[in-house]
Amino acid sequence: MRQLTFIAFVCVLLTTLQLYAAPEAHSAPAEEYEEGRKEKTFTVTKGGTLSVTVGIGDLKVHTWDKNEVYVLVRGDDEDDEFSEIHIRQRDNTIYVEYEPEWGPSGELMFEISIPVQFSVMLETSGGDIRVEGNLTGTVKGETSGGNIKTASVKGNVKLETSGGDITTEDIDGDLELNTSGGEIRVGKVTGVTDVHTSGGDISVESSGKSVLAETAGGNVNIGDINGDATVSTAGGDISVDKIAGGAKLKTAGGNIRVAGANGKVYAKTAGGDVTLENIVGSVDAKTSAGNLYVELTPTGTSKSVLSTSVGDATLYIPEDAKAVINARVRVQGWWRGSDDDEYIYSAYKEDSYEKSGRDREIRAAYTLNGGGQQIQIQTTMGNIHIEKSKGSKSSDKSKSKGKK
């Protein structure tokens, strides 16, 4: 009897332990799902499109040598959140969509592998966008708050972020970038380059066609441009290498430098030096406080102007150039117009040279090779130098200060 009672007790005890152990046995799947995971694989052909539109999450796309698209979503959201992520295929396009009904409640990472020859359209309301691996196709990306970075692309690229940096490697096509608050760094571009930022530096290695670059506050550095250039910054330096066409360069406070251009070059700064080298065409260079250095081979009928309010102005011009040069120095403060004062220096013989105490000006005129392009040089409380181009045959260093 005691033996039966003991056996019954053991049975009850085992049953009780099993009941308490049951919740622990079901806890394993919850731990596996702690980070969350959803994935799908699709068979595609080259030249397809990946379209991603998500309410939140980082987007990372990379290329591989498979005719497949693999989509992996990771995060810490609940089951019902993942159920709102829709991944589907229609023809040769893969769609990834996530628009939660009650708004996003966690962080997500979308990692997607695509063939090398594929186009992508990426949009996230909050997260970074990254495209890795060389890609052949069109790339469009937009984020409301994050950085954007792409590897080399053979195709047109258009990227936009409301608050982050944009970085691209070489682009074999047209490029359009916009950021409301970040830096822009670009490799070589074969097509048109159109880049804008409301607050950051801009750097472009080179452009095969025209360039439009604007920043509300930062430096701009651009390599060779095989076309026209339009560059502006509200506060920073502008530096451009050789420009195949003309240029319009403007900064509210900084230096401007151009290594070469063919056409009309407009360069204006409210406070800084302007250096224009190897310009074939005409120039309109102005600074309110700084020095001017211009190497000009005048062509065409446009007038050239070199003007600084406070600083020196130096013009290098070839011996065989056809031009009419008018130089003027305005003198402020105490000045008697002494013959010993020299403000205009020239390697060329002047047509006229005069000092006016009444007008407080020194003026000189030069006609080169019968005349041609009109060139006006003026400064206030500075010197003017008119030199022979460095490539001129004559090495005569003598200067003329005009008639006394």
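Thr308 is buried, with a relative accessible area of 2%, where buried denotes under 20% relative accessible area, exposed over 50% and partly exposed the range in between (1.4 Å probe, protein chains only). The model is a predicted one, in which local features need pLDDT of at least 70 and side-chain atom pairs count only at pLDDT 80 or more, whereas totals for chains, interfaces and linings use all residues. Residues are numbered from 1 along each chain as its sequence is written, and side-chain values use heavy atoms, with hydrogens and water left out.

Thr308 belongs to strand β28, which spans residues 304-308; strands (E, at least two residues) and helices (H or I, at least four) are DSSP runs numbered from the N terminus. The side chain of Thr308 reaches the backbone oxygen of Gly290 at 2.7 Å. Gly290 is also among the residues that Thr308 touches, together with Thr287, Leu292, Gln378, Thr379 and Thr380, when residues up to four places away in sequence are not counted, a contact being defined by heavy atoms within 4.5 Å.

Ser282, located in strand β26 (residues 274-287), is likewise buried, with a relative accessible area of 2%. With residues up to four places away in sequence again left out, Ser282 touches Gly263, Lys264, Val265, Leu296, Ser302, Lys303, Ser304 and Gln373.

In the protein chain as a whole, three helices and 35 strands are present, and 44% of the 404 residues count as buried. Among the contacts in the protein chain with a separation of 6 or more, 38% are accounted for by residues 24 or more positions apart.

Methods:
Polar contact = N/O pair within 3.5 Å; in protein donor to acceptor, adjacent residues only side chain to side chain.
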